[in-house]
Amino acid sequence: METHFDINYLEDNDENDMHKDFFSPDRTYIFAIHPHGLFAWGNVICYCNNLGIRNPLLEDFPFLDICMGVATVVLQVPIMRELCLGLGCREVSRPTMTRALREGHSIALNVCGEAGALVAKPGFDNAVLENRMGFVRLALSTGSPLVPVYVFGLVDSYETSPSWLRPIQRFFHKKLRWALPVFYSENFLWLPDQNKLDIVIGKPIDVPRPSEWGAKPDPQAVRELHAACTEALKHLFDKHKGRFGFKDRTLKIVDAKKPY
């Protein structure tokens, strides 16, 4: 894996805000990762605890116990299921993620979901975030701060399918909730192009502890926190895109109800 990615981990910190104060051992966090890309390689590398490679985030914050949420369809595929479970991943369903937070784990979610794979295209940074409210409700109902994360270079890891295949992929996504991946790379098979991934982790967005753990949050609070998360992601992207060679790119927020 390390031969195909040059990973640069960077905490986002302002002049008066040291990253060492970002996380507290008495809180659980929800890492909201963008974009999905064709495959979520960067997310797995940075947030799975059991890969056996250097993890700067966990070196700085050893008390973080993070489990990665993966799509249900992935856990239905033999070998993939065993691989994901062996890495400590869990099904990305509300009951499972709620249970993980209650057990004291922080969780890492790719908010774009399967739709993110369909909008992945080299040269274009798209985040399927509009009308994605589930992770926000989860944060409010459990009192878990939201952490915006962006993986620069992830969308450039593969050449994606030609336009004439898109209707077939959309059919699979709508009917089976599975974004049929069709791709190629410099390495021919499933291995991604050798490009650098720069993972930027933003400052956690504080979330108040609920009066009753797991209670349904107020819809207005959900909308306000979602707007704050969207703005934080945009700020993170715009602040760092120049230093990683993407100064001419714009982050597009895609509607989850109409992703394509």
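Thr 28 touches Leu 101, Gly 104, His 105, Ser 106, Ser 144 and Pro 145, leaving aside residues up to four places away in sequence; a contact means heavy atoms within 4.5 Å. This is a predicted model, in which local features need pLDDT of at least 70 and side-chain atom pairs count only at pLDDT 80 or more, while totals for chains, interfaces and linings use all residues. Residues are numbered from 1 along each chain as its sequence is written, and side-chain values use heavy atoms, with hydrogens and water left out.

**Thr 28**
- Thr 28 sits in the loop between strand 1 (5-11) and strand 2 (30-34); helices (H or I, at least four residues) and strands (E, at least two) are DSSP runs numbered from the N terminus.

Thr 28 touches Leu 101, Gly 104, His 105, Ser 106, Ser 144 and Pro 145, leaving aside residues up to four places away in sequence; contact means heavy atoms within 4.5 Å. This is a predicted model, in which local features need pLDDT of at least 70 and side-chain atom pairs count only at pLDDT 80 or more, while totals for chains, interfaces and linings use all residues. Residues are numbered from 1 along each chain as its sequence is written, and side-chain values use heavy atoms, with hydrogens and water left out.

**Thr 28**
- Thr 28 lies in the loop between strand 1 (5-11) and strand 2 (30-34); helices (H or I, at least four residues) and strands (E, at least two) are DSSP runs, numbered from the N terminus.
- The side chains of Thr 28 and Ser 144 are joined by a polar contact of 3.1 Å.
- A polar contact is a pair of N or O atoms within 3.5 Å; within protein, one must be able to donate a hydrogen and the other to accept it, and residues adjacent in sequence count only if both atoms are side-chain atoms.

**Thr 230**
- Thr 230 is placed in helix 8 (residues 219-240).
- With a relative accessibility of 10%, Thr 230 counts as buried.
- Leu 129 and Ile 253 are touched by Thr 230, not counting residues up to four places away in sequence.
- Glu 130 is 100 residues from Thr 230 in sequence, yet their C-alpha atoms are 8.3 Å apart.

**Strand 3 and its partners**
- Five of the five residues of strand 3 (residues 66-70) are buried.
- Ile 66, Met 68 and Val 70 point one way from strand 3, Cys 67 and Gly 69 point the other way, and all are buried.
- Strand 3 pairs in the parallel sense with strand 5 (residues 106-110) over three bridges; strands pair if DSSP finds at least two bridges between them.
- Cys 67 has Ile 107 of strand 5 as its bridge partner.
- Strand 3 also runs parallel to strand 4 (residues 90-91), joined by two bridges, and Gly 69 has Arg 90 of strand 4 as its bridge partner.
- A right-handed β-α-β unit is made by strand 3, helix 3 (residues 80-86) and strand 4; right-handed means that, with the strands pointing away from the viewer, the path from the first strand over the helix to the second runs clockwise.

**Nonpolar cores**
- In the largest nonpolar core, of 38 residues, Ile 30, Ile 107, Phe 135, Leu 146 and Leu 225 touch the most other members; such a core is a set of buried Ala, Val, Leu, Ile, Met, Phe, Trp, Tyr and Cys residues joined through side-chain atoms within 4.5 Å.
- Elements that each supply at least two residues of this core include strand 2, helix 4 (94-102), strand 5 and helix 8.
- Helix 8 gives the most to this core, with six residues.
- Apart from this core lies another, of 24 residues, among them Ile 66, Leu 75, Val 149 and Val 151.

**Whole chain**
- The chain has eight helices and eleven strands, and 51% of its 260 residues count as buried.
- Among contacts between residues at least 6 apart in sequence, 78% join residues at least 24 apart.

Technical notes. Buried means under 20% relative accessible area, exposed over 50%, partly exposed in between (1.4 Å probe, protein chains only).
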